[in-house]
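Subject: Structure handover

Hello,

Please find the structure below, with the sequence alongside. My notes on what turned up in it follow.

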Amino acid sequence: MSWLTRLRNVFRADEVSTEIQREMAFHVAERMDELIQSGATPEAARREAERRFGNDLVQRQITREGDVLVWLETLLGDFRYGLRGLRRSPVFAVASVLTLAIGIGANTAVFSLLHALLLRSLPVPDPQDLARLGVTGIADAPPAFVLPYAMTQQLRREQRSFVDLSVWREASITLPDPDGTLRHYQAALVSGNAFDLLGARPRVGRLINASDDVRGGPSYGWPVVLSDGFWKERYGADPRALGSSLLVSGMPVTVVGVAPAAFHGVWPGVEPRLYLPLNYLALLQDGRDDLNPPTPKSSVWCAVIGRLKPGVTHADAGVELAASERRLLDEFTSLDFLRNPRFANVRLTVESARTGLPTFFGRTYSAPLFLMQGLVALVLALCCVNVSGLMMSKLHERQHEFAVRTAIGAGRSRLVRQYLAESFAIALAGAALGAAVAWHGTSLLLPFFRHPNMGTGLDVQPDHTVFAVSAGLAVLTTLFFGLWPAWRAGASNPGALLKSRLAAQRGRSGRGLVAIQLAVSVMLVVSAMLLSRSLVRLRGEPTGFDLDHVTIQTPPFNRLPQKGAAKLDLYQRMIDRVAQEPGVRSAAVTWFTPMTGSQVSTQFQALGEGTKSPEDATLAYNAVGTGYFRTMEIRILAGREFEPRERSTEVCVLNQSAASFLFPGQAAVDRYVRTVTSLSTTRGGDRLLAQPVTCRVVGVAEDAKFANLNEPPPRTIYFPVTADVADGNLVFLLNGPTKAGVIAAYSEALREIAPTIPLVLFATLREQMDAALGSQRAFTFLSTFFAGVALLLSAIGLYGMLSSSVTQRTGEIGIRAALGASRGVILRMIFADALRLVAVGVGLGAIGLLFASGPIRHMLYGVSVFDVSTLAATAGLLALVVLIATFWPARRAATVDPMRAMRAD
Amino acid sequence: MAAVAKPRNDILQGTLALLVLKTLAGGGRMHGYAITAHIQRVSADLLRVEEGSLYPALHRMAQEGWLGAEWGLTEKNRQARFYTITRAGRRQLQLEEESWARLCSGVQRVLGYA
């Protein structure tokens, strides 16, 4: 019968059987007629007619033999058989499913993060045609994808490679919470053509357009476009949000639309909550219009995204740009920029902006994320190895069963099919659970990847492709390790196997797998220990100041009418008032907050008779108010702190390392330090050192860390807060026993002195530091978790391997026992077996560590990769795990009854 | 796998198709009951068709393309499925007749030799 007919029968199976039944009914009727004619009663005739037909059921069976349905039913039966098999060994099933779930889930979660941060295309039409423009060739720095605004406008007019160029700028704005507390949000300022150029369509309402982006704002007032997330969070996705008003950094703007749900801005990892016209920048800078400055050389630097014309490549555009770059740079960059040797070899560059613009965030997290990806890939490999190991050891137990079944006539394909069905059930369950792990894992990981100063950061959905790939990989592994042994079992000679269980091969490949598992665990455990120790060391590292009792508050005092000296007076009044409250020990203001990851530095030199400064010193600098050192609990070693009347850069305080560098072996107090004028700072809008300064040292302070925890304290020079600096927003540092007490004291003072200013979210220096340590913490957390998983997996693997080995060797052990081997001898035999494996595993792991030490070293702080105590601790931990995994199989071996063991065969 | 019930057959295994084809080759259009009756009558009650296996066999033969089948009314006005032999059926008949002849002569020789 042809396959086609069989297949047709599947669909007309019912038709066939009813046809036959009708025919049979006819036949019975005819037969009855005949029998009645020859004198039988109708009753007897029916019985006879049906008897001649035989059993009705039998008929149906025969006709359905040709059905594909039967074949399908057999398959289903295999599957059910497989499931039953799993129910018989639930530990095996649960261990395999969990193992797969962890491997698949962790891989998907981490890769989704990596993908969202570094690899994902912008969700707009033809993202490959987008281009980012910037400068390259900066000494010791990656290319910066920003250009002076005035240059971008000139480029728009003269370029021929792009459909158009648009301008983007990040901005941090404040919005009041419903209770009035101000919160910082990430916003994007965009040129009027930015959304059009990307090809983004509004979710609701409209996006920013050309008529919105005009100097001083459009006649209908400043518009704002919400991100989809913000719209849901703040308005519950209510379309009536359109037309409502928001107080963006204190100024009212009107909601005109919502950005597409999938669109998270052009900076991966830093999602703007609001989109405002680029010209809104002036309002955020107290009216200073950096887009249209008095001279074209001093316009603000912004990110540029262009869309290539059809047929033009990024290289073509680069060539066009290179032709005019000298003229453009000369015309639109400041003299400071042009003269600075760091920028001597700067050139304009064009790159694909398929993934958007590079961010500080992406640069900071890419290395740890790639490392983490490597780690979870390793764990996935380990999971696959473990599952296959489990399957192999299970197979050894079932070899006897297979042999019996082969002997009584089960076909090889049938055996393989049943075994495959079992593997498939495991793989399927593992993948399903893995999806759940991925979904939860991603949201679990996200908090570690928050921008320190922002409420929200990355938007990450588990990546479907990645899930499919890792699940596919795991399923294939499982199926392969299910198929291969079953195939071998089918091929083996049942007679030989049946004769003696001793004939079952010892799983050489199984032992190899266990050794590999141990090796990977060793690597993971060592790295996890090293990382946790660095983290502990980092967090415990003396910073030079009090982390737990200093609370930070940055109120928007720029909204107050006071300027200059009056503003400084206001800050001083706040400080004095707050310090009177019982909950506050001390308070001060500062320009830069420590531990935020940013600091400024420039060249200084010592001045004065007899002092030979060895060379110009690069000093980090900051402006701090009266009481700063007392508040931060940084000791003054010589001289004094600043006094309230000191409000200019005529005086300064050095930290210890700066003092001993500039004035080696001498007292620094009352000596003079000045900036090196030829190398003035290049930061636009530096309010502190706009002019060259010469200052008298009034004090020397103890060293303290500045930007980062993992860098040693830089040589630092402190200046008093000047009127220029105070025109920006200063940071209040409030030292008190409890955060709540400090908040109450500050709020009270604010109500008296500046009642119009809202509260901003409070954070202690410790909280700020932990946010900055996000990736370090995430990585440590994850590697510890995975190391635990790996250890558990190898323990299971070792246990399974030894346990099945003891089962296989029962006869041998029985003989040994019968020949007089004591329990101790047998125990030693099993332990020696385990230890040989451990030795191989540890050796392999050590080799692996040698290779991995390079990337790990970057993540370490204060511990070496080959830290003796860590290695010793790992060895101890491993020994403990091995001991536990070996104990039960060994005990079982030691209690083998020689008589019973030998009779069994 | 569904157990294949071995029909207890009064007709030698494998000859049912031959008999059906031969019957239809001479008699034109017949239903199952008539085929049974014809075989029984022509063989003078020596051969009896196992009725349970006839209909599945007829279906299989129709699927192989040896028989044509259609529903129709009998002279007693009953619904019945009428079978005719096809061109492929006649070829098959020829093959089966030849192999039957070979089998018979083989068996004859064995019997004669003994």
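Two strands are said to pair if DSSP finds at least two bridges between them. In this predicted model, S1(B) and strand S3 (residues 79-85) of chain B pair over 2 bridges, in the antiparallel sense. One facing pair is B:Met30, which stands opposite B:Tyr83 in S3(B).

Sheet in chain B

The open sheet in chain B has 3 strands, ordered S1-S3-S2, with antiparallel pairing. Its edges are strand S1 (30-31) and strand S2 (67-73), each of which pairs on one side only.

Chain B overall has 4 helices and 3 strands, and from the N terminus on its elements run α-β-α-α-β-β-α. The chain has 114 residues, of which 27% count as buried. If you take contacts in chain B between residues at least 6 apart in sequence, 53% of them join residues at least 24 apart.

In soluble globular proteins, nonpolar side chains tend to be buried together. Here the largest nonpolar core contains 97 residues, and those touching the most other members are A:Leu100, A:Val379, A:Cys383, A:Phe786, A:Ala790 and A:Leu798. At least three residues of this core come from each of two domains of chain A: domain 2 (71-120 + 364-505) and domain 4 (507-542 + 765-905).

What does A:Cys383 touch, leaving aside its neighbours within four places in sequence? A:Cys383 is in contact with A:Thr99, A:Leu100, A:Ile102, A:Gly103 and A:Leu793. A second core of 69 residues is separate, and A:Tyr185, A:Val248, A:Trp301 and A:Phe332 are included in it.

Helix H3 in chain A

Helix H3 (residues 42-53) of chain A is 12 residues in length and spans 17 Å from its first C-alpha to its last, which is close to the 16 Å expected at 1.5 Å a residue. Within H3(A), the residues A:Ala45, A:Ala49 and A:Phe53 are buried. They lie on the same side of H3(A) because they cover an arc of only 75 degrees around the axis. An α-helix has 3.6 residues a turn, so residues three or four places apart point the same way.

Which exposed residues does the face of H3(A) turned away from its buried side carry? That face has A:Glu43 and A:Arg51.

Regards

Note on methods
Residues numbered from 1 in each chain as written. Chains lettered and ligands numbered in written order. Predicted model: local features only at pLDDT ≥ 70, side-chain atom pairs only at ≥ 80, totals over all residues. Core = buried A, V, L, I, M, F, W, Y, C linked by C-beta atoms within 7 Å. Buried ≥ 20, exposed ≤ 12 C-beta atoms within 10 Å, placed from the backbone. Domains from an automatic or database assignment. Contact = placed C-beta atoms within 7 Å. Expected span 1.5 Å × (residues − 1). Arc of directions from axis to C-beta.
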